[in-house]
Amino acid sequence: KKKKEKKLLMPGKPSTQAVLFGATLFTWMLWKSLPSTSLRENRKKAQRKQAELAEAREKLRADLEADRPDLALTQLSLAELQQQLRTGRVTAVAVTRAFLLKALLAHDDCNCLAACVGEALEHAAALDRVPPAQRGLLHGLPVSLKECAQVAGLAATVGLTKRCDDVAESSAVVYEVLRAHGAVIPVTTNIPTTMLSYECSNCVYGQLKRIVEKEKGERER
């Protein structure tokens with residue numbers, strides 16, 4: 001009897017389930033103790049950012065639709081487009097406007113855009129004034145960047161709501177190098193949160209939808 005009583009009073013190591021339950025309970029209590037104000041504020045920041053970006057996209061779309069660009073330019077191969085730009089058969093402005101509108105239309109289907117780069121058309125116009133002999137390797141070609149690459153004047157949030165108001169003062173090296181060779185960066189695109197996943201979803205820009213999934217859903221309806 002005495003031995004049994006000792007066993008009851010002095011139990012062995014806690015089970016794995018008990019440890020997990022205790023850790024979960026502790027984490028929950030810690031999370032509940034944190035102030036919720038910052039979470040609410042960050043959500044409001046994200047909502048404001050989404051509204052601002054949507055308004056900017058609509059304004060840009062209206063400007064483009066008023067003098068609708070030739071979307072056939074977006075169907076050219078890279079080699080064809082490069083040659084036509086270098087020879088001056090098409091202008092960098094015309095190509096940039098076409099790809100901007102194409103990107104906005106694609107965004108309606110799959111939520112692919114983060115932001116439109118405001119200076120893209122100005123840069124394209126400057127490129128059109130460069131003499132053909134001095135044009136760079138990427139002259140006038142539109143290149144998109146992921147949102148995690150800093151662009152001066154835009155927020156590089158990496159999908160974190162708390163960084164919605166952190167506007168970059170300078171641009172990333174990749175942005176400057178592409179521009180130096182004549183490329184035009186018209187848009188930045190959606191990303192996974194902190195770039196740590198293959199699934200493209202975050203609390204700032206939302207879920208990237210695959211066109212295949214959209215078409216499948218329409219067929220099922």
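Me: How do I tell when strands belong together in a sheet? Where do I start?

Reply: Two strands pair if DSSP finds at least two bridges between them; strands (E, at least two residues) and helices (H or I, at least four) are DSSP runs, numbered from the N terminus. This is a predicted model, where local features need pLDDT of at least 70, side-chain atom pairs count only at pLDDT 80 or more, and totals for chains, interfaces and linings use all residues. Residues are numbered from 1 along each chain as its sequence is written, and side-chain values use heavy atoms, leaving out hydrogens and water. Here, three strands form an open sheet in the order E1-E3-E2, with mixed pairing.

Me: Which strands stand at the edges?

Reply: E1 and E2 (145-146) do; each has a single partner strand, so one side of each is left without a neighbour in the sheet. E2 and E3 (residues 187-189) run parallel, joined by two bridges, and Leu-145 has Thr-188 in E3 as its bridge partner.

Me: And how do I read a nonpolar core?

Reply: Look for buried (under 20% relative accessible area, 1.4 Å probe, protein chains only) Ala, Val, Leu, Ile, Met, Phe, Trp, Tyr and Cys residues joined through side-chain atoms within 4.5 Å. The largest one here has 29 residues, and Leu-85 and Leu-145 are among those with the most contacts inside it. Helix H6 (120-128) is one of the elements that each supply at least two residues of this core.

Me: Is His-123 buried or exposed?

Reply: His-123, in helix H6, is buried, with a relative accessible area of 13%. Not counting residues up to four places away in sequence, His-123 touches (heavy atoms within 4.5 Å) Arg-179, Ala-183 and Val-184.

Key
Buried < 20%, exposed > 50% of the residue type's maximum accessible area, 1.4 Å probe, protein only.
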